[in-house]
Amino acid sequence: MQKERIRTTVAVAANLLAAVDAAVKKGAARSRNEFLETALRNQLAADKRKEIDAAFAEMGGDADYQR
């Protein structure tokens with residue numbers, strides 16, 4: 001199944017783009033696009049994990065939940 005693609009433009013610091021290009025050259029991804037998509041997915045997953053962890057932390061201090 002083909003994922004819908006939307007073309008966009010972003011401004012990236014020159015040193016970051018150089019690091020991405022170097023990583024792609026070393027085989028970390030097939031392209032800048034693939035590298036950036038992976039980085040975005042990883043960041044979104046980390047953010048979601050933080051939300052889940054925060055919810056569990058609240059439960060740890062909830063006396064009603066502990067019963």
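This is a predicted model: local features need pLDDT of at least 70, side-chain atom pairs count only at pLDDT 80 or more; totals for chains, interfaces and linings use all residues.
Residues are numbered from 1 along each chain as its sequence is written, and side-chain values use heavy atoms, with hydrogens and water left out.

**Exercise 1. Find out which helices Asp21 and Arg32 lie in, and what the pair ties together.**

Step 1. Start with the contact: Asp21 and Arg32 form a salt bridge, with their closest N and O atoms 2.6 Å apart. The rule asks for a side-chain nitrogen of Lys or Arg within 4 Å of a carboxyl oxygen of Asp or Glu.

Step 2. Now place the partners. Asp21 is in helix α1 and Arg32 in helix α2, so the pair ties together parts that are 11 residues apart in sequence. Helices here are DSSP runs (H or I, at least four residues), numbered from the N terminus.

Step 3. Check the surface. Asp21 is partly exposed at 29% relative accessibility, and Arg32 is partly exposed too, at 41%. The cut-offs: buried is under 20% relative accessible area, exposed is over 50%, and partly exposed is in between (1.4 Å probe, protein chains only).

**Exercise 2. Work out how far along helix α2 Asp53 and Arg49 are from each other.**

Step 1. Their side chains meet in a salt bridge, at 3.0 Å from N to O.

Step 2. Asp53 and Arg49 are 4 residues apart in helix α2, which means about one helical turn separates them.

Step 3. For accessibility, Asp53 has 39% and counts as partly exposed; Arg49, with 45%, is partly exposed.

**Exercise 3. Describe the lining of the largest pocket by class.**

Step 1. The largest pocket is lined by 18 residues, and Ile6, Thr8, Val10, Asn33 and Leu36 lie nearest its centre. Helix α2 gives the most to this lining, with 7 residues.

Step 2. Sort by class: the lining has 8 nonpolar, 3 polar and 7 charged residues. Ala, Val, Leu, Ile, Met, Phe, Trp, Tyr, Cys and Pro count as nonpolar, Asp, Glu, Lys and Arg as charged, and the others, Gly among them, as polar.

Methods: On a 1 Å grid over the protein atoms alone, a cavity is a set of points where a 1.4 Å probe fits but cannot get out, and a pocket is an open set with protein on both sides within 12 Å along at least five of seven lines; lining residues have an atom within 4 Å of a point. Helices (H or I, at least four residues) and strands (E, at least two) are DSSP runs, numbered from the N terminus.
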